[in-house]
Amino acid sequence: MERRRAPAAPPRYGRRRFWDSLYRREGAETREWLGGLSRFLPQLEPELRPGDRILVLGCGNSALSHDLHELGYTDVTSIDFSPACIAAMRARHARCPGLRWAVMDIRALAFPDASFDVVLEKGTLDVFMVEETDPWRVSPQAAAAMRRALAEVSRVLRPGGCFISITFAQPHFRKPHYAQEAFGWSLRHAACGDGDGALHYFLYTMRKGQPLDPRDAALGRRLHQPPPAPAPPPPPAPPDDDEDYLLAIQL
């Protein structure tokens with residue numbers, strides 16, 4: 001079955017009503033954001049081990065969780081804040097007992113500490129940024145929502161576990177959010193694409209319990225600094241020689 005691509009325009013992605021309406025129309029029909037698992041499997045597979053407890057954030061109606069299960073990663077929990085989405089996915093994959101589905105907000109995960117070996121998200125955290133008009137100056141509200149979600153990811157990761165984030169967000173925009181010493185993880189990233197001229201996406205890997213590079217930590221600290229004050233207006237230009245001469249004539 002052909003998998004449809006996600007729409008190009010972001011209507012109201014941060015609102016539950018938008019997603020419930022979408023999933024009521026589409027059910028569990030597959031829709032992939034940033035591509036399917038095969039697109040980034042070479043980068044993802046080295047981070048996964050058989051028996052890993054995997055949490056997929058904002059699963060939507062992507063085939064990601066099922067495809068992981070088919071590859072032998074059979075302990076996969078998928079969450080989404082849309083009840084319509086989870087109902088559809090639970091019904092579609094009822095014959096896969098290793099796939100678990102739950103309605104949940106990624107900013108308030110209902111799991112005990114250190115519950116997972118791997119947390120994976122593909123385009124989910126981008127929802128916090130879709131209404132931002134200037135990626136260089138993220139609003140306090142968006143930055144706080146991102147921080148709450150990331151703090152929850154860090155909490156449910158076991159020591160040595162990894163968080164993998166796949167997004168179009170470039171490092172100079174996204175790394176400051178991920179590079180927070182409070183989360184207790186290291187950070188690295190790789191640019192990925194399908195070939196020459198392809199639109200690139202980025203895969204960020206954070207390893208719980210490993211030190212954050214000092215350069216990344218400095219990026220993280222800058223996120224909390226107030227933006228620089230606007231430059232004062234330039235002083236008025238002095239009159240040129242011609243204007244002085246004309247004034248002298250008038251006198």
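A residue counts as buried here when its relative accessible area is under 20%. Keep that in mind as you click around, and remember that this is a predicted model.

**Stop 1: strand 4**

Select residues 76–80, which make up strand 4. This strand is mostly covered, with five of its five residues buried. Now show the side chains. V76, S78 and D80 point one way, while T77 and I79 point the other way. Whichever way they point, all of these residues are buried.

**Stop 2**

Next, bring in helix 3, residues 64–70. Together with strand 3 and strand 4, helix 3 makes a β-α-β unit, and that unit is right-handed.

**Stop 3: on to strand 5**

Strand 4 has another partner to look at. Select residues 99–103, strand 5, and you'll find five bridges joining strands 4 and 5, again in the parallel sense. What is the bridge partner of I79 in strand 5? Look for A102.

To follow the chain between these two strands, select residues 83–92. That's helix 4, and the chain passes through helix 4 on the way from strand 4 to strand 5. This β-α-β crossover is right-handed.

**Stop 4: the aromatic rings**

The structure holds seven aromatic pairs. Start with F163 and Y178, whose rings sit edge-to-face, 6.2 Å from centre to centre and with 75 degrees between the planes. F163 belongs to strand 7 (residues 157–167) and Y178 to helix 6 (residues 171–178), so this pair ties together parts that are 15 residues apart in sequence.

With Y178 in helix 6 and Y204 in strand 9 (residues 201–207), the pair ties together parts 26 residues apart in sequence. Y204 is buried, with a relative accessible area of 0%.

**Last stop: the cluster**

Finally, select F163, Y178, F183, W185, F202 and Y204 at once. Ring pairs link these residues into a cluster.

Note on methods:
Residues numbered from 1 in each chain as written. Predicted model: local features only at pLDDT ≥ 70, side-chain atom pairs only at ≥ 80, totals over all residues. Heavy atoms only, no water. Buried < 20%, exposed > 50% of the residue type's maximum accessible area, 1.4 Å probe, protein only. Helix = DSSP H or I, 4+ residues; strand = E, 2+ residues; numbered from the N terminus. Right-handed = clockwise from strand over helix to strand, strands pointing away. Pairing = 2+ DSSP bridges. Phe/Tyr/Trp six-rings, centres within 6.5 Å; stacked < 30°, edge-to-face > 60°.
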